[in-house]
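Subject: Model for your files

Hello,

Here is the structure I said I would pass on. My notes on the sheet and the cores follow it.

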Amino acid sequence: MIKKIIEYLVLVIITTCVITAYGYFYIINRDAVDLRELCLTCFLISSVLVFAINRLLKYMGDVRYLHSPLSKIDKMEGEEFEYYLKLKLMKFGYKVEMTPTSGDYGADLFCFNKDETIVVQAKRYEANVGTKAVQEVVGAMEYYEADSAVVITNSYFTINALNLAEANKVALIDRDKLLSFKKEDLYYSE
């Protein structure tokens, strides 16, 4: 629905640009309108508008994505879940890089700012998350020399995963915190 409205607005704006450009050239040069200049002006104005509208659509899509309910998150693929987390972490002021899908040394996301680096292991699971995810992010923390490590899931953690995370000072964000976690949740607290 919103996309249709925006497409209609683009059409109206482009039409307005053509009429405005034609009027502009007609007022300046009453004898003849230079068709090449008219076309170039319309093209430039239209290009800028299309670029701006594409950016707006991407932003609107990201905002909708960012406000996904748990039911939608539960249906996401692994990379989709990572992208969702990337958007959430960027809201905290981090630059966030998604690591390659293989050979990532145990981190799915790498967050950093001028003061710190955080490695994130993202697990979009139906079952509870076990110790393997914690072991992987501990390895990633060492490999990337990160200041902090966190495992984020749409599910819950096993008792063994909770114990291992506590022993290694790894922050855990489960289903109950997923939609509302804050920057301070990315750090282990006793």
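Five strands form an open sheet in the order E1-E2-E3-E4-E5, with mixed pairing. Strands are DSSP E runs of at least two residues, helices are H or I runs of at least four, and both are numbered from the N terminus; two strands pair if DSSP finds at least two bridges between them. This is a predicted model, in which local features need pLDDT of at least 70 and side-chain atom pairs count only at pLDDT 80 or more, while totals for chains, interfaces and linings use all residues. Residues are numbered from 1 along each chain as its sequence is written, and side-chain values use heavy atoms, without hydrogens and water.

At the edges of the sheet are E1 (95–98) and E5, each pairing on one side only. E1 and E2 are antiparallel over 4 bridges, and Met-98 has Leu-109 in E2 as its bridge partner.

The largest nonpolar core has 23 residues, of which Phe-81, Leu-85, Ile-152 and Leu-186 touch the most other members. Such a core is a set of buried Ala, Val, Leu, Ile, Met, Phe, Trp, Tyr and Cys residues joined through side-chain atoms within 4.5 Å; buried means under 20% relative accessible area, with a 1.4 Å probe and protein chains only. Helix H2 (35–66), H4 (78–90), E2 (109–112), E3 (117–123), E4 (148–153) and E5 (171–173) each supply at least two of its residues. H4 gives the most, 5 residues. Apart from this core lies another, of 17 residues, including Val-119 and Leu-172.

Regards

Technical notes:
Buried means under 20% relative accessible area, exposed over 50%, partly exposed in between (1.4 Å probe, protein chains only).
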